[in-house]
Amino acid sequence: MGLSLLPKEEQYFDLFTQMTLYISSAARELKEMLADKHGDYGEYAQRIKGLEHACDELTHTISTRLNKSFITPFDREDIYMMSTALDDIVDLIDDAARAIIIFDVKEINEYARDFANVIERMAEQLKEIVSTLKRPRNITQRLVEIHRLENEGDDIYHAAIAELFHDAQDALTVIKWKEIYEKLEAAVDRCENVANIIESVIIKHT
Amino acid sequence: MGLSLLPKEEQYFDLFTQMTLYISSAARELKEMLADKHGDYGEYAQRIKGLEHACDELTHTISTRLNKSFITPFDREDIYMMSTALDDIVDLIDDAARAIIIFDVKEINEYARDFANVIERMAEQLKEIVSTLKRPRNITQRLVEIHRLENEGDDIYHAAIAELFHDAQDALTVIKWKEIYEKLEAAVDRCENVANIIESVIIKHT
Amino acid sequence: MGLSLLPKEEQYFDLFTQMTLYISSAARELKEMLADKHGDYGEYAQRIKGLEHACDELTHTISTRLNKSFITPFDREDIYMMSTALDDIVDLIDDAARAIIIFDVKEINEYARDFANVIERMAEQLKEIVSTLKRPRNITQRLVEIHRLENEGDDIYHAAIAELFHDAQDALTVIKWKEIYEKLEAAVDRCENVANIIESVIIKHT
């Protein structure tokens, strides 16, 4: 399998790779944030926000470059979709971290940590896939692993929500955690979304 | 009125028709699920999930085929929007059923049943429209009916939410039902969304 | 700086200008609604709904016209994105007003009023920018102001949510206001979104 892309499209691959590096860093920060029992969550959240801004700028760079380039509308659309989809992941990681700060959550539970693990592993797979897109190898295997992780995320979501409502004493706690879980699940979904876009681009170019 | 489409676009009509068949089945399952006072909700939800997966695969088929075909970007966009919009409907029906399972809801109320009725009737209209798109008849009338049903759904939503907060004893029940109503209302909106896309495609081709 | 657009694209500028007039009116109605201590909220909400419908029709007009026109797919996409993004703003203003009615909120707080102020100022900037797009002046300055206002909106959101959960006695009140704040914050985000699209179109055409 090998992607026969034109040189002017290849430049976008480096930008995508850079985005996946930021995403992967944000996912790692989130994982460490949620594992840290005595840390200052605000500091993690600020570093994640910084990575979110960096991704925003890359998305902007890609969109500007696309607007000035003369590749076909087909490929233009794929590149646009890809950069938006990558940007969505880091936005949701940022949303989750932000929710923890705004809601002033003091105790992180096991579900949130499991979610962060899944997101970090998905981000890792995406980074590996994207950085080798020019000379793809093991991609199918990595895509399968991403779909497996998405299912794992789905199971965590179900179990977390069920327990949240089952054990609920305090409605405000339910509201807060429901939103945090929703952001984490959405981050997982967006990782799979990027995998789907990659699959479809690969089919198209092979 | 008759759509002058090229043969290579017509093949997508059969795929859309297949999608509306699945959507219509999912809507019927949801309606029966919500009408069933002693049934196993999990079984309905599982059948709906199966239909959701089937629609996913069709969306994937359409997108792959589009990527390899050489129709104009204009039509390509319409077909892509149409398949995504159809897929959204079944996703939301699935979300609603899933919420009922995850929240372990035991008693369905009249509002939810009214919603399911509206969704089923909208799905029926969409199925009829899409399956006759090659040789359209009565489409205007059906589109009007879809907009009427969307208004009906809006009224149900308002009444349901107002009563939910007015009669509320238990905040957790409010949280659960608010989300279920939101998914059901979103399903109604997405049905209208498909109707809007069809209208715009018809205007373009006539 | 001057946009070198083809005449057939210029006609869309008048439609966009009309949309920003409606958006700006809706934002003003919302601001007055939230400042009115003894008024009938239903009347404001109805006027906002009227403006929302008017924007819907313009979006529809633009999309129909696009479908029949022969401009390049590049510009077509920009115009489509722009009209959708403008329409989103008024939808969210309408959602916020609608939530206040459905939830039967009696007392508006300072945060909601601050939000409405920010939205109105953003809508004003967008109106000025869009109405001078043919012969742009002061646009950079206005775009900077929009980004500044978005940050202001973000701060309001954080403070409002933090206080909501901190002072919370009643979970139902929290649920209601959380949703109202979310709609208002989303309206702010969509205003910035339009600014981003304008920036990217300007870069492309200069």
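**Helix α2 of chain A**

Task: State which residues of α2(A) are buried.

Solution. A residue is buried if 20 or more other C-beta atoms lie within 10 Å of its own, exposed if 12 or fewer, and partly exposed in between, with C-beta atoms placed from the backbone. Under this criterion the buried residues of α2(A) are A:Y44, A:A45, A:I48, A:L51, A:E52, A:C55, A:T59 and A:I62. The structure is a predicted model, in which local features need pLDDT of at least 70 and side-chain atom pairs count only at pLDDT 80 or more, while totals for chains, interfaces and linings use all residues. Residues are numbered from 1 along each chain as its sequence is written, and chains are lettered from A and ligands numbered from 1 in the order in which they are written.

Task: Compare the span of helix α2 of chain A with the expected value.

Solution. Helices are DSSP runs (H or I, at least four residues), numbered from the N terminus. Helix α2 of chain A covers residues 41-68, which is 28 residues.

**Confidence**

Task: Report the confidence values for chain A and for the complex.

Solution. The per-residue score is pLDDT, the predictor's confidence in each residue, from 0 to 100. Chain A has a mean pLDDT of 89, and 94% of its residues reach 70 or more. For the complex, the predictor gives an ipTM of 0.80 and a pTM of 0.87. Where pLDDT is low, the predicted coordinates should not be read in detail.

**Symmetry**

Task: Determine which rotation relates chain C to chain B, and which relates chain C to chain A.

Solution. Two copies of a chain are related by a rotation about an axis and a shift along it. The superposition is by least squares on the C-alpha atoms of residues with pLDDT of at least 70 in both copies. Chain C is superposed on chain B by a rotation of 120° with 0.0 Å of shift along the axis, at an RMSD of 0.0 Å. That is the relation of a three-fold axis. Of the residues of chain C, C:A171 comes closest to this rotation axis, its C-alpha being at 3.6 Å. Chain C on chain A likewise requires a rotation of 120° and a shift of 0.0 Å, with an RMSD of 0.0 Å. For that axis, the nearest C-alpha in chain C is again that of C:A171, at 3.5 Å.

**The two interfaces of chain C**

Task: Describe the side of chain C that touches chain A and the side that touches chain B.

Solution. Two residues are in contact if their C-beta atoms, placed from the backbone, lie within 7 Å.

- Towards chain A, 14 residues of chain C are in contact with eleven residues of chain A. Two or more residues come from each of α3 (73-102), α5 (139-166) and α6 (171-205) of chain C. The most, seven residues, come from α6(C).
- For the classes, Ala, Val, Leu, Ile, Met, Phe, Trp, Tyr, Cys and Pro count as nonpolar, Asp, Glu, Lys and Arg as charged, and the others, Gly among them, as polar. The side that touches chain A divides into ten nonpolar, two polar and two charged residues.
- Towards chain B, eleven residues of chain C are in contact with 13 residues of chain B. Here α2 (41-68), α3 and α6 of chain C give two or more residues each. The largest share, four residues, belongs to α2(C). By class, this side has six nonpolar, three polar and two charged residues.

**Nonpolar core**

Task: Name the residues with the most contacts inside the largest nonpolar core.

Solution. A nonpolar core is a set of buried Ala, Val, Leu, Ile, Met, Phe, Trp, Tyr and Cys residues joined through C-beta atoms within 7 Å. The largest has 183 residues, and the most contacts inside it belong to A:I93, A:I119, B:I93, B:I119, C:I93 and C:I119. Apart from neighbours within four places in sequence, A:I93 is in contact with A:A26, A:A27, A:L30, A:I48, A:I119 and A:A187.

**Positive phi**

Task: Locate C:D104 and C:N138, and give their phi values.

Solution. C:D104 is in the loop between α3 and α4 (110-131) of chain C, and its phi is positive, about 55°, although it is not a glycine. C:D104 is exposed, because 12 other C-beta atoms lie within 10 Å. C:N138 is in the loop between α4 and α5 of chain C, with a positive phi near 60°. C:N138 also counts as exposed, with 12 C-beta neighbours inside 10 Å.

Note on methods: Expected span 1.5 Å × (residues − 1).
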